[in-house]
Amino acid sequence: MKIATWNVNSLAVRLPQVLDWLAAQPVDVLCLQELKLSDDKFPLVELEAAGYHSAVLGQKTYNGVAILSRTPPREVVRNIVGFADEQSRVISATLDTPAGELRVVNGYFVNGQEPGSEKFAYKMRWQDALREQVRAELSAHPRLVLLGDFNVAPEDRDSYDPEGLRETIHHTTQERDQFKALLELGLHDAYRLFEQPEKSYSWWDYRMLGFQKNRGLRIDHILVSEALKARVQSCNIDRAPRKNKQPSDHAPVVVELA
DNA sequence: ATGACGGTGTGGCACCGA
């Protein structure tokens with residue numbers, strides 16, 4: 001069975017591409033970020049026709065996350081419990097899958113703009129709260145997947161220019177320490193469980209021919225808990241949708257579980 | 001230091017993303 005994450009940068013614009021992709025890659029679960037639409041604008045009917053149930057936390061214009069699943073999501077939790085947040089960035093659900101019952105936590109992590117900014121401080125606060133949420137989720141649900149747009153390139157090899165971009169946004173020690181702190185909860189970066197091509201990225205700037213020149217970052221991640229680690233069969237980035245007309249700036253990441 | 005591209009909502013552009 002397969003689980004995927006994809007920052008679609010507006011589901012209103014990208015829905016046809018999402019439906020095409022699901023037809024070509026019939027994953028069991030697809031977690032979306034940056035819906036950029038309110039719940040009432042969510043294309044429930046179209047996705048049901050494609051064979052997917054949805055759990056949604058929408059927001060007008062910015063943010064917004066959803067879990068699409070072949071089976072109905074259960075025990076849905078929206079955003080971070082006890083962390084007041086006007087932005088729609090996290091949705092969690094329990095799913096019955098061919099690989100058994102899984103807890104899925106789908107996050108659109110804060111961008112942070114620039115180290116030292118108020119937005120960067122929010123990024124750190126938000127991650128502190130998310131980590132505690134994940135810690136609690138893990139103790140209740142050992143079979144857990146945390147995935148989404150983490151807005152961090154965890155290591156130098158996850159960036160097209162680690163030297164030139166050192167300590168800039170997505171590359172700071174603080175952001176990388178936050179990522180490590182998630183791993184220390186007992187999570188594993190599924191992509192790095194396997195040998196991968198060099199210069200593998202999941203996001204490329206729309207500007208300056210970023211994709212054509214492969215000037216990208218690997219910032220979309222799938223972390224699996226210890227209980228699931230041995231069941232991971234593969235993890236890959238699907239660059240094909242980035243070649244579409246009107247693409248998202250992110251590519252889907254797919255993990256296969258036995 | 002700035003903008004490049006693309007989406008949204010507004011209103012003739014500004015803001016945000018990464």
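I count a residue as buried if 20 or more other C-beta atoms lie within 10 Å of its own, as exposed if 12 or fewer do, and as partly exposed in between, with C-beta atoms placed from the backbone.

I am working on a predicted model, where local features need pLDDT of at least 70, side-chain atom pairs count only at pLDDT 80 or more, and totals for chains, interfaces and linings use all residues. My numbering runs from 1 along each chain as its sequence is written, with chains lettered from A and ligands numbered from 1 in the order in which they are written.

**N79.** I began with the burial rule because N79 has 20 other C-beta atoms within 10 Å and is therefore buried. I found N79 in the loop between strand 5 (74–78) and strand 6; strands here are DSSP runs of E, at least two residues, and helices are runs of H or I, at least four, both numbered from the N terminus. N79 is not a glycine, yet its phi is positive, about 60 degrees. Most residues other than glycine have a negative phi.

**K36.** I noted another positive phi in a residue other than glycine: K36, near 55 degrees. K36 sits in the loop between strand 2 (29–33) and helix 2 (44–49). It has 20 C-beta neighbours inside 10 Å, so K36 counts as buried.

**L37.** I moved on to L37, in the loop between strand 2 and helix 2. With 21 other C-beta atoms within 10 Å, L37 is buried. I looked up its contacts (C-beta atoms, placed from the backbone, within 7 Å). Leaving out residues up to four places away in sequence, L37 touches L11, A12, F42, G58, K60 and G64. From L37 to N63 is 26 residues along the chain, and their C-alpha atoms are separated by 8.1 Å.

**R89.** What does R89 touch, not counting residues up to four places away in sequence? I get N63, V65, N79, G107 and Y108. R89 lies in the loop between strand 5 and strand 6, and R89 is buried, with 26 other C-beta atoms within 10 Å. I also checked R89 against L130: 41 residues apart in sequence, 10 Å apart in space, C-alpha to C-alpha.

**Helix 3.** How far should the 23 residues of helix 3 (residues 118–140) span at 1.5 Å a residue? The expected span is 1.5 Å times one less than the number of residues. That gives 33 Å, and the end C-alpha atoms are 33 Å apart, which agrees.

**A121.** I found A121 in helix 3 too. A121 has 13 C-beta neighbours inside 10 Å, so it counts as partly exposed. Its C-alpha atom is separated by 10.0 Å from that of V110, eleven residues apart along the chain.

**N214.** I then looked at the loop between strand 10 (203–204) and strand 11 (216–217), where N214 lies. N214 is partly exposed, with 13 other C-beta atoms within 10 Å. Leaving aside neighbours within four places in sequence, N214 is in contact with Y160, K199 and Y201. I checked the C-alpha distance from N214 to Y201, and it is 8.0 Å at 13 residues apart in sequence.

**Core.** I took a nonpolar core as a set of buried Ala, Val, Leu, Ile, Met, Phe, Trp, Tyr and Cys residues joined through C-beta atoms within 7 Å. The largest has 67 residues, and L32, A66, V145 and I222 touch the most other members. For L32, not counting residues up to four places away in sequence, I list W6, V8, L11, V65, A66 and L68 as contacts.

**DNA strand B.** I count 22 residues around DNA strand B, the closest being S10, T61, N111, Y206 and R207; near means a C-beta atom, placed from the backbone, within 6 Å.

**Whole chain.** I finished with chain A overall, which has five helices and 14 strands. Its radius of gyration is 17 Å, close to the 18 Å of the globule rule for 258 residues, so chain A is as compact as a globular protein of that length. That radius is taken over C-alpha atoms, and the rule is 2.2 Å times the number of residues to the power 0.38. I note that 45% of the 258 residues count as buried.

How values were computed:
Contact = placed C-beta atoms within 7 Å.
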